[in-house]
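This report covers selected features of one protein model. Please have the sequence and coordinates open while reading.

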Amino acid sequence: ARSSAPLPSPSWCCLIHFIHALTPDGKGPSGPASDTCATLEQSRFFGVFSSTANLPSAPCSWTLQNPDPRRYTVYMKITKPTDSCRPRQIRTFQFDSFIETSRTYLGTESYDEVVRLCDASTAVTYIESSKQFLQIRKVASGPSGPEDESEVDVSEFKSEFLVVGKRNPSMPACQMLCQWLEKCLSGSTHEYPCGIMNTPCQCWETPKRKPGSCYRGGVYVEKCLPTSQSAGGENRKGWAGWSRWSVCSQECGGGVQVRSRACQPDDAVCEGTVEEGRACNSRACIGNTLFASIVCQGGLTDEWSPWSACSATCGEGWQSRTRLCATSSFTTQCTGPLRENRPCNNTAVCPVDGAWAEWTPWSLCSSTCGRGYRDRTRTCRLPQNGGEPCEGPSRQNKLCNIAVCPVDGYWNEWSVWSPCSASCSNGTMQRTRECNGPSYGGSECHGSWKEAINCFQKECPVDGRWHAWSSWGSCSKTCGGGVQQRQRVCEGPFFGGEPCPGDRGEHKRCNEKRCPEPHEICPEQNDGDVVWKKTPAGDMAAILCPADAAGLILRRCSLNAVGLATWESPTYVKCVSKNYENIRMLSRDYITKAQKAPSIDGVAEVISRLRFSTDEGATYSGDLMAVMEILKNITELYKASRMRLSNADVENYVQTISNLLKEEHHDKWEEAQLMDANVKEFFHLVEESVNMIGMQMSGFQDIYEVTENLVLSIHKRPTTTSSNFTFPAKGWRGMLDWVRTAEEKISVSRDALAIEHDGNEAFVTGIVLYRNLTSFLSSQSNATLLNSKVVTVIVKPSPALLSSPVEIEFPHLHNDTMNETCLSWDESETSSLLGSWSARSCRAVAVDSFRTKCVCDSLSTFAILAHVNFDSIMDKALLPSVTLIVGCGVSSLTLLLLIIIYVSVWKYIRSERSVILINFCLSIICSNALILLGQTQARNKVVCTLVAAFLHFFFLSSFCWVLTEAWQSYMAVTGRLRKRIIRKRFLCLGWGLPALVVAVSVGFTKAKGYGTVNYCWLSLEGGLLYSFVGPAAAVVLGLAVELLRGFAPLGPDVDVRRARHHRPPLGPLPNPLCRLRLPGRLHHCHGALHPASRGKEPAPVLSMRFAFNASP
């Protein structure tokens, strides 16, 4: 750095710490108006500042930060510019802080009147700063207009700064500061006082050495003259004590010792001898002979030397002379002085220079507050006899500041207008100004620190802008893949802008699902006043609910097992009765009001109305969903308001939950679960209800609520309690029979609940036992079932972990089960076949064959899942029932007896009719045998499948043989009967057609559906049963047609004689079979045969009645 000021000595420079380098791009508390030309000096104790480097443009600022104004003072030496200078372009001030948001300097104090940068009367100025920041700022030209071209910037000026500690300042810092102070005071005037007001250093001026002066004992003495010694060697006034005698000048033969004294005059001149001597070592030297030239009785003394030149040419001068003393063993010691002084030239008058007297004390500060000045003076003793006058000022001035004055805030000049914010069209220009102050209680600056005006450049080019897309149009096809289109409109461009990018139109594929076939569309169905329109399979049709409800009735169209579209039953899960809808809307209104101002006024009435409404029951499944929503809203209201529920409110609340589980609502719950409204929401509702009630309970309070469908037990205990929790409570069993006989036992150890004590003074435990919730939970497998009541265990706040498990003992609901598994409700479980039930956190411990204990590591809802013991069930079904055995046995024996009788008289009764009857009896006997066999083979899948297939065949053949008999009777009446041809047709119809139907069914289904786990017959699922019901219905229809065509016109007793083959009867031959009544499934009445027709086809006279029971 370049500076005209003297630099500190190397020893002082070693103590300077350059902690933070100069940062031209850093920001101080703020530059005036520029965010890019602001420099902040931090943690530096000495440095040099150059205006060219640090203030290159306007506006620009350089800020020096005092590390700690309580411990340090900042001094600055500014060397003024020597060339051009523009007044008020450079501003200097100190301040405490700067607020960026309001552009306000706090505690500001200007140094412009002290620095006077453009005042050429002094080349250097000094300032002292005691605030946080000292700033030099280069400001732009005023707001009146641009700078005058004739004016130029201030030429380069430099400054040095020095940061000095107020206590124990370093010696190099004090040396530098004292030099500054000496120069500052020497050039100070009344109009231009010194800016250094105080220094922590002791600065003193070294006196100049005058002729005749000396330092004695560290004291400066202006007059130091020797005088003769008084008699007796006593000290005279003004003399110091004699020094010790020096070492003898000779070791033998006589020597001299010398001593001296110092002159310390007060007002007069010292009189006496400055130095004196004495003889020593007078003994003779051995081996040498001293011959004295002059032998006398006393010692020999040399003659005095000539007088020396006078010490002063004028005034008081002195001359001196000396002599030596020669002694030996033959002489005595010398007496008298060895040196003599005498005044000389006393008559000449010397010129006396002027001399300054001491400075007077500094005067009082010229101002009681704010910036003032002090001065001090000194007088000069006039020169005499042509002496030199006094050099230096007779008066010194320096600034002072005894106390701070309240300073009102005032605005600096406005900055220049900023460029227009927009390069085209409308914009704004801004300018700012800064507030100096206020300080020490002064008033604020009035007005705004920022101004803005509108500006306009030119019209901006406006690019084209798309308006929003229109909505998608309707699909061109309802299925099979169509196209939807939408359009948008471009606005613009204007003034040379760019056109809108992209297309005006857009299209997308729609309705790409396959068009349903005619058999995949549910036909329109008219159920009284309700009309269900055609709906493709997989879609859902909707109509309005009945007049007493709001919402929609939904009905799904689905495909059955054979791929035909069929309507499912309508569901009313979206229908809500008017009564429940009113209560739901009321609860929603309370929720809306609570968001503005928490209040529960009137909520108790909502609970009461809801309880009485649920007591009367629910009409639709949607009513149950509405009740759950109302209870959820009420729970949120009480949790938000933290108000207490009365005992009646708690009772109504719990009874409403219980009413949801009425047995009459079982079908409605199943319907709701089919529409994905599962029991997760119900469990959430119960958990939040326990939490809400528990929050409002006081410590050591218990609540027991017993209803027809659940038991609710809530306990609130301080976190410091150590007792365990059991259910049911000792000595309490409730008043209802199902509660009194309940055998469930629940135990929760207090040590198991790791509840944090942070902010939790108490915790709540809730246990809910449901009587019939098991029947509401749908089972996803026919092989498993829930074999216990459902229990919910709740703890709030939820413990972080369970150090010991929860134990729950369940009695079994069903005894014919095995492999009991303990389940817990886990909503995160989605992939399990059990739905939201999980077996991971529980293990089962068998108590006995009728009870199971579940040991669980988490808190949740618990139940027992068991597998159906089909072995036990089938063991009971291995043998057919007595009724079945008797019925099938009697029927089969009777039919067998009939066959035996027919065979015994076959030569008398042989005919087509008898053949049909015997085949019919055989099909019935085989069916009865297969029924009894199938009851014992349900566990053997292969045998059961064969039994079901043969049962299918023989049942159909029974129907077909009945149809064959009707056909034979019709042809006999009409006379079209032919023996061989007709017999073959009868056999094809009686045995061939059933065999064909069974073969097609087995081939189409691959034998799936033949036999189930419970019986050996056609499965009721999958539509296989229609392969039996369809042909049987066709047979019945054929029988009706044959009867109407053949027997209805002839009456009940028919006597038919064929004219062409008529022969006279030989007489009536009573047939014993005519009177036989067959117990069981066939009652065959008599027929009379004419003897003449024996051996030929008889012309029967028939009177027949028959009835067939198709059930096995």
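The model is predicted: local features need pLDDT of at least 70, side-chain atom pairs count only at pLDDT 80 or more, and totals for chains, interfaces and linings use all residues. Residues are numbered from 1 along each chain as its sequence is written, and side-chain values use heavy atoms, with hydrogens and water left out.

An open sheet of mixed pairing is formed by four strands in the order 6-7-26-24. Strands 6 and 24 are at the edges with a single partner strand each, so one side of each lacks a neighbour in the sheet. Strands 7 and 26 pair in the parallel sense over two bridges, and Thr-104 lies opposite Cys-435 of strand 26. Strands here are DSSP runs of E of at least two residues, helices are runs of H or I of at least four, and both are numbered from the N terminus. Two strands pair if DSSP finds at least two bridges between them.

| Strand 6 | 97-99 |
| Strand 24 | 410-411 |

Asp-112 belongs to helix 3 (residues 112-115). Asp-112 has a relative accessible area of 16% and is buried (under 20%, with a 1.4 Å probe and protein chains only). Beyond neighbours within four places in sequence, Asp-112 contacts Ile-90, Arg-91 and Thr-92; contact means heavy atoms within 4.5 Å.

A nonpolar core is a set of buried Ala, Val, Leu, Ile, Met, Phe, Trp, Tyr and Cys residues joined through side-chain atoms within 4.5 Å. The largest has 59 residues, and Trp-669, Phe-682 and Tyr-770 have the most contacts inside it. Helix 7 (residues 621-641) supplies the largest share of this core, ten residues. A second, separate core of 42 residues includes Ile-918 and Phe-920.

Conventions
Buried means under 20% relative accessible area, exposed over 50%, partly exposed in between (1.4 Å probe, protein chains only).
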